[in-house]
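Here is a short briefing on one protein chain. Keep the sequence and the 3D view open while reading.

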Amino acid sequence: ADNSKEPPSPAVPAPACPTFGPSNVRGSSLRPGQSLRWCACGLSQSQPWCDGSHRRAPPGYKPLAWTVPDKPQALYQLCNCKYTKSPPLCDGSHTNLPCQLMAKQADCKDKSNHAQDLTLCSSCGWCPKFQF
């Protein structure tokens with residue numbers, strides 16, 4: 001057996017998708033050096049910022065700490081679909097996401113657990129608040 005390989009990283013839980021597009025945040029509303037927590041679970045009522053809603057979700061969700069640069073931009077497009085490859089900034093992942101999420105949720109191995117009392121399915125991102 002080859003023991004030189006790194007163990008596989010644990011699967012990242014699938015977030016809920018509050019909107020299929022970015023959250024536009026004006027740089028003038030932020031202070032250079034200000035530390036903020038970007039919502040990574042998608043459940044926050046204060047998008048794109050964390051309000052602690054991940055505590056009601058299955059284990060594995062936590063916000064991303066983000067510090068406003070010393071020279072802020074005029075406008076930040078922060079990811080609000082939660083599927084960006086460069087969090088917290090939007091990378092356009094939301095463009096094809098609706099069809100991808102519908103397929104992922106239809107094929108979810110935990111679909112039998114999709115009930116109104118489930119806060120968020122960590123396998124597919126299904127959430128009773130954001131149904132297709």
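Is Cys-41 buried or exposed? Cys-41 is buried, because its relative accessible area is 4%, and the cut-off for buried is under 20%. The model is predicted, so confidence comes up below as well.

**Cys-41 and its surroundings**
- Cys-41 sits in the loop that runs between S2 and strand S3 (64-67).
- Leaving aside residues up to four places away in sequence, Cys-41 touches Pro-15, Ala-16, His-54, Tyr-61 and Leu-120.
- Ala-57 is 16 residues from Cys-41 in sequence. In space, the C-alpha atoms of Cys-41 and Ala-57 are 8.0 Å apart.

- Thr-84 belongs to the loop between S4 and H1.
- Thr-84 counts as buried because its relative accessible area is 10%, against a cut-off of under 20%.
- A polar atom of the Thr-84 side chain lies 2.7 Å from the backbone oxygen of Leu-89.
- Side chain to side chain, Thr-84 makes a polar contact with Asp-91 at 3.4 Å.
- Leu-89 and Asp-91 are also among the residues that Thr-84 touches. Trp-38, Cys-79, Cys-90 and Ser-93 complete that list, which does not count residues up to four places away in sequence.

**Fold and strand pairing**
- From the N terminus on, their order is β-β-β-β-α.
- Strand S1 (residues 23-26) pairs with strand S4 (residues 75-78). The pairing is antiparallel and spans four bridges.
- Within this pair, Asn-24 stands opposite Gln-77 in S4.
- Ser-23 and Val-25 form the covered face of S1. Asn-24 and Arg-26 form the uncovered face of S1.
- In S4, Tyr-76 and Leu-78 make up the covered face. Leu-75 and Gln-77 make up the uncovered face of S4.

**Annotated regions**
- Residues 23-60 are 0% helix and 21% strand. The end C-alpha atoms of residues 23-60 are 24 Å apart.
- Residues 67-100 are 12% helix and 15% strand. For residues 67-100, the end C-alpha atoms are 31 Å apart.

**Whole-chain figures**
- The protein chain has 132 residues, and buried residues make up 38% of them.
- Take the contacts between residues at least 6 apart in sequence. Of these, 62% join residues at least 24 apart.
- The protein chain exposes about 8100 Å². Carbon and sulfur atoms supply 52% of that area.

**Confidence**
- The mean pLDDT of the protein chain is 88. A pLDDT of 70 or more is reached by 89% of its residues.
- Among the elements, strand S2 (residues 35-38) has the highest mean pLDDT, 98. Helix H1 (residues 97-106) has the lowest, 92.
- Which residues have pLDDT under 50? Residues 1-10 stay under 50 throughout, and the model gives them zero contacts beyond four places in sequence.
- Where pLDDT is low, predicted coordinates should not be read in detail.

Note on methods
Residues are numbered from 1 along each chain as its sequence is written. This is a predicted model: local features need pLDDT of at least 70, side-chain atom pairs count only at pLDDT 80 or more; totals for chains, interfaces and linings use all residues. Side-chain values use heavy atoms; hydrogens and water are left out. pLDDT is the predictor's confidence in each residue, from 0 to 100. Helices (H or I, at least four residues) and strands (E, at least two) are DSSP runs, numbered from the N terminus. Contact means heavy atoms within 4.5 Å. Buried means under 20% relative accessible area, exposed over 50%, partly exposed in between (1.4 Å probe, protein chains only). Two strands pair if DSSP finds at least two bridges between them. A polar contact is a pair of N or O atoms within 3.5 Å; within protein, one must be able to donate a hydrogen and the other to accept it, and residues adjacent in sequence count only if both atoms are side-chain atoms. Accessible areas come from the Shrake-Rupley method with a 1.4 Å probe; for residues, only the protein chains shown count as cover.
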